Amino acid sequence: MPPVIVWVLVGLAVVGWLARRWWEPRLAARGLALRDLPVKWWLVGYPQTAARIVFTWRRLCQVANLAVSLRASHQRVLGKDTVVEGRALRPSVPRLSWPMPTRHGLKVRVVMLPGQTPAPYYAAARAMEHAWRVHSVMVTSPRRGHVLLTITAADPLTGELPAAERAGELLAADVGWCEEGVAFVIDFRRTPHWMITGATQSGKSTLLAALVRALAPQPVALVGVDCKGGMEFSGFGRRLTLLATSRRDAIEVLERLVREIQARTQVCRAAGARSVWDLPEKARPVPLVLLVDEIAELYLTDGSRSEREAAERCGTLLLRIAQLGAALGVYLVAAGQRVGSDLGVRVTSLRAQLGGRVAHRAHDEASAEMTLGDINKDAVVVAQSITEDEQGVCVVAMQGRWTRARSHLISQEERAEIAATDPPRSPFLSGMDSAPAKGGQRE
Ligand SMILES: Nc1ncnc2c1ncn2[C@@H]1O[C@H](COP(=O)(O)OP(=O)(O)O)[C@@H](O)[C@H]1O
Ligand SMILES: [Mg+2]
């Protein structure tokens, strides 16, 4: 081999080794390993996109109103007519950091010019997506004077998703993947109540199943209400502490939960605690998660008095659970095609209590608006763009933030495994553990 080639190879090996030494700790700090990064993205996609960002930045800033022209200081007025003198004006563009690769895209930091706010950057996000030919650009401002562009190169929610990675903390359920490549976590301690909407076959029940799977190993009691035959929940067998499959059972189960909330209130009051989390661990009651699938079934009436009363009763009980439950370790997840005032009385008040929102593909435009409209208008538009073959894809909104996500698909074997898990003992302080509701099941 000619000595030049040997030297080139040695040089490449040294550069590779140095690059690895430089990258590995930085990736590890973000919980990644080199092997997690797809080779094609690394070798082709990333350099291409980074170059595109750097080379189009000035033009993009000018077109999208991110550049600032300091016209006044360069203008000269001579005599009666205005004459402009001197160099051609070059608008000043905000400084851009080098685009750093992430698992699904890149991150770029921009230093805003004096007088700028992040607003024009939020507005320019769509223009950036097209200019850089990437799936999405998310603009945030984690530091005063800076904006951070989080770029996702290709939609990470298509194809087969990796399985759930970790068992969560108590009441934090890893139910899928978010678009940014981080776990989609439903954390009841942060957001106690959730609403899941979407058309038939859009992925609501799958998300509930993912939730059951994530909570099954935890000391959390699960209560199911599925008045559309109970088919979705019956596969979880005795892991569900109670299961109601008709409205009559549902009323009984909901009444029990309200009595349980009252019992827990008394315990907290006696101990001078403001919530169950202030109680000593030994005295703390088991957290309860109530999962309601096809919530509209609870509100359905044929106009007769008894049906109307039953529907109203369900509405009142659900609202009480949502209003009082969070501090007492009772959490609610309600899923349905739409959760709007057309369902019945007190649904709007219930919706106001459900701070976590998940919108799958909807039948009509109003449904996504109903789920996400009071949180973020952009999220509504993104939810409306979910197509029929994106089953399981949803827009998740909580605590002012929103993102696209997709749930884990739960197999029959996993369902069987969950069904064989023991539920926590004595989840009810109200002393009614041994008297199951009709249609309910206990060991
Ligand atoms: N996250 C997902 N990944 C892949 N396929 C999914 C996902 N969620 C749902 N699906 C597919 O969509 C079908 C319908 O989902 P399901 O949860 O029953 O919808 P819904 O309860 O909204 O009617 C499922 O049988 C499954 O094949
Ligand atoms: Mg369903």
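Tutor: Ser205 is found in helix α4 (residues 204-215), where helices are DSSP runs of H or I with at least four residues, strands are runs of E with at least two, and both are numbered from the N terminus. This is a predicted model, in which local features need pLDDT of at least 70 and side-chain atom pairs count only at pLDDT 80 or more, while totals for chains, interfaces and linings use all residues. Residues are numbered from 1 along each chain as its sequence is written, chains are lettered from A and ligands numbered from 1 in the order in which they are written, and side-chain values use heavy atoms, with hydrogens and water left out.

Ser205 has a relative accessibility of 17% and counts as buried, since buried means under 20% relative accessible area, exposed over 50%, and partly exposed in between (1.4 Å probe, protein chains only). Apart from its neighbours within four places in sequence, Ser205 is in contact with Glu232 and Asp293, contact meaning heavy atoms within 4.5 Å. In the protein, 46% of the 443 residues are buried, and its secondary structure comes to twelve helices and 15 strands.

Turning to another helix, α6 (residues 247-271) has 25 residues and reaches 36 Å from its first C-alpha to its last, close to the 36 Å expected at 1.5 Å a residue, the expected span being 1.5 Å times one less than the number of residues. Just after α6, Gly272 takes a positive phi of about 70 degrees. The axes of α6 and helix α8 (residues 305-325) come within 9 Å and cross at roughly 30 degrees, the axes being lines fitted to C-alpha atoms, for helices over the stretch in contact, with angles from 0 to 180 degrees between N-to-C directions. That makes α6 roughly parallel to α8, as angles under 35 degrees count as roughly parallel, over 145 as roughly antiparallel, 65 to 115 as roughly perpendicular and the rest as oblique. Among the residues that meet there are Ile251, Leu254 and Val258 in α6, and Ala310, Leu317 and Ile321 in α8.

Arg346 lies in the loop between β12 (330-336) and α9 (347-353) and is partly exposed, with a relative accessible area of 36%. Leaving aside neighbours within four places in sequence, Arg346 is in contact with Glu312, Thr316 and Leu319. Arg346 and Leu319 are 27 residues apart in sequence, and their C-alpha atoms are 7.3 Å apart in space.
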